[in-house]
Amino acid sequence: MRAALVRIETSGNQAYIFASNRLRQNVGASELVLRSCSQWVLEAVEGITRRKLWAPSVEERTRRLRDPALNPRLGEGGNPVEVVTATSGSACLLVQDPSCGRRIVEAVTRRALREAPGLAVAGAVVEMEDRRGFQAAFRCADAGLSRLRSCLPAPEARFQQLPIVDRCRTTGLPAASYDVPFGKEPPEPLSAVARAKLAASKLTPPRLRAESWIEHRDRLGRSLAELERALEQAQERWLAVIHIDGNGLGTLFGGLGQAPLDRDRVEAIRWVSTGLERVAVRAFDRALRAAVAAWEREHGKDAHADLLVVPLVVGGDDLTVVCEGSLAMAFTVAYLRGFEAVGVDELGELLKAVGAPPLTASAGVALIKPHYPFHAAYDLAEQLTESAKLVKHHAPGRSALDVHLHLDTTDADLDRIRRRRRSRGPEPVALWGGPYVLDGADGEWAAAHALERLGRVVRALRRREDGRPLISSSLAHRLRAALAEGRGRAEAELERARRARPDPDLWTGLLAAGDGGSLARPLPEPTNGAGAKEEPAYATALLDAMDLAGLWDGELGERP
């Protein structure tokens, strides 16, 4: 009997996770996606090998997967299953024969139907000669999964609307019960999908608290209900939805499949997959420490921020977090720096071996009011992340972020928002400065987009003398209004202010919003795909800084 490669994957993850506007259900859905291809796969393997590979902690789980005594090569000592990867939404195994692979796929997909109704999980089993045929078998399995998904009905088709039944208020699916969603909330119709997500949301806090790498794990929000109540009691607070995605990981895995290596290729792929999990958790630890430090600087060391950070997705190269708005920039900068630094520690040698650049990431930070629809806020954060990924073309090897404080109650389309956010008249000015490049000013584009420049503007706006801001709110308002009229009006308004207060340090900080001599910098490249006549000729970071000045101190902290 020939060996086989098994791939098990979820699909439609974003639609499944953010199908509801209830944060608890978003967290629970993310937990189910993670466990479907990690815990459920590893426990199905345990049923065959009798070796326990699953552990809630990433540190312990990656140790077990890398341990040749617990996860030996296929065939060694009669081992019938070798786990290559088992991470959020994706698993890959080598099995001694196709029937063994089909048993695992059946166990996982049956469990998904029971414990995660509405989640699409599928598997493919492809025969292979030996380990040298891994890449070819992997590609065949990928094609097989695509064909299978095209033949299967959508998960929503599992929930028939006839005969007519009451609908779940949060998912719109047929109600399966009339229950209390959480705590002391009033009972309501709940679908099977909503019930499964709510149940799974209770598994996330203890799993994260099992991570010994997360120093402040006891300060994570214990429940989303508490976070929601805290934000409702403080209507002036801003909420941040942060989405972070790694750059160029496709190149890394492609290199693992082709570059000459001095180690087993399958083992290298397992090492990178588990390494990315370790990088994400350790970077999250650094980010959480920075957020706690920022909170204590603002409110004092006796203040607790237990309810103000809620992770939705922490796995691989993906992170989605909801937090109090004043923590967003400190958290994001620390995560990006941690991702880079820990990536070198964990995977530096392998990256060099395959000729891949160091690990970097792109982040989107959407700042919203607490009652803004969460799915729209997540979409905006995802679009900001895509905007930040421009760094791959203009400043490769750098991490970047883009940020937007959203005041509109309806439209969350970033392209439409920014088409409206530009000055009138000739030589229009783009009234945003992003994306912002972290810790690097190599080249004209990176220097113009440096996050440090934005921080300098924020610090200038926050400067105070005798308890009063040096740049008054009325002056800030006049500069904002003048920029909306055009670059000339803004320069005239700034010149009047400089004559009234001759403070070179203050104005030097403010002029970092442009090119150092003006509030706006020339744009050497188009900001989007529109025609040349529609494109702004200049850009300014002043409005971004004004939006952030009440939420961020402009400090980037020390590099690790």
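Q: Say Lys and Arg count as positive and Asp and Glu as negative, leaving out His and the chain ends: how far apart are the mean positions of the positive and negative charges of the protein?

A: Each charge is placed at NZ of Lys, CZ of Arg, CG of Asp or CD of Glu. Here the 77 positive and 75 negative charges have mean positions 2 Å apart. Bear in mind that this is a predicted model, where local features need pLDDT of at least 70 and side-chain atom pairs pLDDT 80 or more, while totals for chains, interfaces and linings use all residues. Residues are numbered from 1 along each chain as its sequence is written, and side-chain values use heavy atoms, without hydrogens or water.

Q: Why does the radius of gyration agree with a compact globule?

A: The radius is taken over C-alpha atoms, and the globule rule is 2.2 Å times the number of residues to the power 0.38. For 560 residues that rule gives a value near 24 Å, and the protein comes in at 25 Å, so the two agree. Its C-alpha atoms fill a box of roughly 85 × 60 × 50 Å along the principal axes.

Q: How many helices and strands does the protein have?

A: Both are DSSP runs numbered from the N terminus (helices: H or I, at least four residues; strands: E, at least two). The protein has 21 helices and 17 strands.

Q: Which residues of the largest nonpolar core touch the most other members?

A: Nonpolar side chains tend to be buried together in soluble globular proteins. A core is a set of buried Ala, Val, Leu, Ile, Met, Phe, Trp, Tyr and Cys residues joined through side-chain atoms within 4.5 Å. In the 107-residue core of this protein, the ones to look at are F284, L451, L510 and L542. Helix 11 (residues 265-299) gives the most to this core, 14 residues. Apart from it lies another core of 58 residues, including I8, F18, V41 and A200.

Q: Is W507 buried or exposed?

A: Buried means under 20% relative accessible area, exposed over 50%, and partly exposed in between (1.4 Å probe, protein chains only). W507, in helix 20 (residues 504-511), has 4% relative accessibility and therefore counts as buried. Across the protein, 57% of the 560 residues are buried.

Q: What does W507 touch, leaving out residues up to four places away in sequence?

A: Contact means heavy atoms within 4.5 Å. For W507, that picks out L475, L494, A497, R498 and R501. Now try D264, in the loop between helix 10 (249-258) and helix 11: with the neighbours up to four places away set aside, D264 touches R73 and R131.

Terms used
Lys and Arg count as positive and Asp and Glu as negative; His and the chain ends are not counted.
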